[in-house]
Amino acid sequence: MTGPAAKQPLDDRPAALILEGVTRRFGATVAVDAVDLTVRSGELFSLLGASGCGKTTLLRMIAGFEIPNSGRVLIDGQDVTHAPPYERPVNMVFQSYALFPHMTVAQNVAYGLKQTGMARSERDDRVQEVLALVELDSFGRRRPDQLSGGQRQRVALARALAKRPKILLLDEPLGALDRKLRERTQFELVNLQERIGTTFILVTHDQEEAMTMSDRIAIMQGGHILQIGPPREVYEYPTSRTVADFIGAANLLEGTVASVEGRSAEIRLQATGGAAMAESDIPLKTGDAVTVMVRPEKIQAHRASTGAANELSGTVIDIAYLGDLSIYHVQIADGVRVQVAIANRRHADEAPFTWDDAVFLSWHPGDGVILIT
Amino acid sequence: MKRLSPWLMLAVVLGYVFLYGPILSLVVYSFNASKLVTVWGGFSTKWYAALLENDKLLDAAFLSLRISVVSATGAVLLGTLSAIALVRFGRFRGRFLFSAMTTAPLVMPEVITGLSMLLLFVSLQHAIGWPDGRSPLTIAIAHITFATAYVSVVVQARLAQMDRSLEEAALDLGARPLRAFLTVTLPLIAPSLIAGWLLAFTLSLDDLVVASFVSGPGSSTLPMVVFSSVRLGLSPEVNALATILLATVAIAAIAAGVLANRNRKT
Ligand SMILES: Nc1ncnc2c1ncn2[C@@H]1O[C@H](COP(=O)(O)OP(=O)(O)OP(=O)(O)O)[C@@H](O)[C@H]1O
Ligand SMILES: [Mg+2]
């Protein structure tokens with residue numbers, strides 16, 4: 001779950017893209033609602049969100065296919081809000097790849113260079129160079145319909161990179177690939193991005209993809225950006241229930257603040273009336289209604305009470321075997337379940353718990369995150 | 001495949017005889033040695049030879065070909081433009097009216113098209129002195145007006161199924177809109193343009209009604225000459241000419257069909 005190794009600290013790099021209060025409406029629907037965003041140069045940035053949340057619309061405004069109703073788009077410091085697509089230093093990898101079917105692979109890649117009036121020999125060299133970059137050197141004379149899905153995806157990538165854009169936009173570039181190929185391509189894309197150093201903005205609705213690939217992720221919902229941060233941060237410290245729920249699995253327990261001590265607080269849980277320990281950077285006061293979020297893998301389960309301050313007792317009511325780990329559903333009160341993930345380390349081991357076992361659950365106070373929205 | 005029942009088979013055969021019997025007999029009698037159209041006098045190609053001597057028919061044939069080429073080309077230009085406007089420009093004001101007016105000639109009775117064109121030309125001549133009488137030009141203009149509708153429908157179908165992101169990719173790669181159209185859209189819709197051209201060509205070539213309204217002295221098209229000569233009595237020469245025409249139109253129609261089909265697959 002760690003992103004690519006940190007290069008130069010992100011905040012020191014110049015901004016490749018700045019969005020200021022960008023809004024786009026289609027009739028009554030607000031596809032993108034007053035979005036502010038800064039993407040640093042050389043960053044691999046993901047827009048993550050459920051279907052229809054406005055990811056594509058946001059990307060198309062950066063590319064110039066949609067003009068915002070209000071707000072500004074700055075690329076490399078230049079205001080391009082109203083510039084047409086053919087005047088922006090960005091290129092796009094389309095979800096359908098949009099390869100020109102009547103041209104060969106090499107002609108596809110050369111298309112953008114031709115528009116700039118680059119000399120023939122230089123153009124040929126550049127085409128060869130980017131085709132080598134995506135390991136398709138020997139495919140220049142093929143037509144798109146003579147390629148596999150993965151190869152087509154790489155041609156689309158090569159074509160978009162040929163003009164050396166300031167920003168490369170990718171709209172679900174791996175959506176059409178099967179699982180194995182997708183995972184391999186994710187790593188190849190990240191490697192490529194690190195080598196050429198171009199800013200990538202990637203749209204995806206696959207949270208694993210966003211987590212494995214990105215330097216930072218923006219989580220979108222209903223045209224808004226809910227949270228922006230590195231994968232580890234949005235996973236460990238979500239700032240809202242929606243984000244916690246969207247990224248990975250989360251146990252969300254409602255309660256009220258019983259006492260506060262610095263960052264940590266004791267929460268009285270609504271479901272059990274018991275206490276739970278959790279931490280937060282948000283200033284809290286006694287009596288506040290909050291939600292405690294704990295990830296399933298952060299919870300320890302024991303057969304006997306350990307006497308920990310934040311302990312919940314319950315009954316195993318369901319077990320989902322996932323191979324590498326098992327998810328135990330533990331009922332802690334009527335209708336309130338907690339998921340606990342336990343790794344299956346050795347196949348010889350018996351499952352530690354079975355149906356109807358009474359278990360005691362606890363977690364390190366720092367692993368409980370307090371959410372107020 | 002399921003076998004047809006005998007009755008169904010019979011119905012199919014009768015249907016085809018009904019449709020194509022007259023045409024077949026025309027082709028057969030064009031090789032008739034006898035001058036009497038209804039009496040078989042042995043095989044001969046002499047009427048084809050005689051046809052080459054008949055200046056009136058040949059002139060009319062060449063005139064018709066010229067008009068067809070001009071009007072097919074004009075119809076492809078206008079039809080393509082209207083198709084682009086209808087498919088690509090979104091819901092502009094008056095789109096419905098424009099769409100209806102583009103396709104109206106498909107269902108308009110030819111007599112009405114012909115008559116209205118004639119009235120238009122006559123009043124135009126009064127008002128601005130152009131066109132100067134009826135001529136091959138007025139026939140071509142009249143043909144363009146109704147053939148445009150057919151071309152527009154064919155091209156619209158192709159444009160609608162073309163992935164829009166192809167054009168966007170071209171723009172994204174730095175091509176201006178006109179350039180993107182010429183290098184990406186046009187090559188991809190080319191088969192439908194050719195199909196539309198062939199369709200317009202055949203429509204113009206065999207039009208009798210509209211041409212009769214808007215032709216002037218000395219500008220009789222082939223169908224007009226054939227029609228008037230037949231009124232004076234059937235001639236085997238006309239059979240020969242009709243056979244040639246039939247072959248031409250059939251080839252054009254098949255080519256148009258094949259191209260339209262290939263269109264659908266890509
Ligand atoms: N051209 C358009 N006309 C009208 N509404 C549109 C248009 N484009 C997008 N929308 C609407 O805007 C909203 C956001 O659409 P968008 O395509 O940006 O979503 P998305 O996040 O890319 O979804 P997905 O993951 O399904 O691709 C949707 O409600 C959609 O219906
Ligand atoms: Mg989308």
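## Ground rules

A polar contact is a pair of N or O atoms within 3.5 Å; within protein, one must be able to donate a hydrogen and the other to accept it, and residues adjacent in sequence count only if both atoms are side-chain atoms. This is a predicted model: local features need pLDDT of at least 70, side-chain atom pairs count only at pLDDT 80 or more, and totals for chains, interfaces and linings use all residues. Residues are numbered from 1 along each chain as its sequence is written, chains are lettered from A and ligands numbered from 1 in the order written, and side-chain values use heavy atoms, leaving out hydrogens and water.

## Around ligand 1

Start with the polar contacts. A backbone N or O atom of Gly52(A) sits 2.7 Å from an oxygen atom of ligand 1. For Ser51(A), a polar side-chain atom lies 2.5 Å from a ligand oxygen. A polar backbone atom of Cys53(A) is 3.2 Å from an oxygen of ligand 1. The protein covers 59% of the 630 Å² of accessible area that ligand 1 has on its own (Shrake-Rupley method, 1.4 Å probe).

The residues around the ligand (a heavy atom within 4 Å) include Phe26(A), Lys55(A) and Glu172(A). Helix α1 (residues 55-63) of chain A gives the most to this shell, with three residues (helices are DSSP runs of H or I, at least four residues).

## Two domains

Chain A is assigned domain 1 (10-242) and domain 2 (249-372). The domain centres, taken over C-alpha atoms, are 39 Å apart. Eight residues of domain 1 and nine of domain 2 make the contact (heavy atoms within 4.5 Å).

Note on methods: Helices (H or I, at least four residues) and strands (E, at least two) are DSSP runs, numbered from the N terminus. Domain bounds come from an automatic or database domain assignment.
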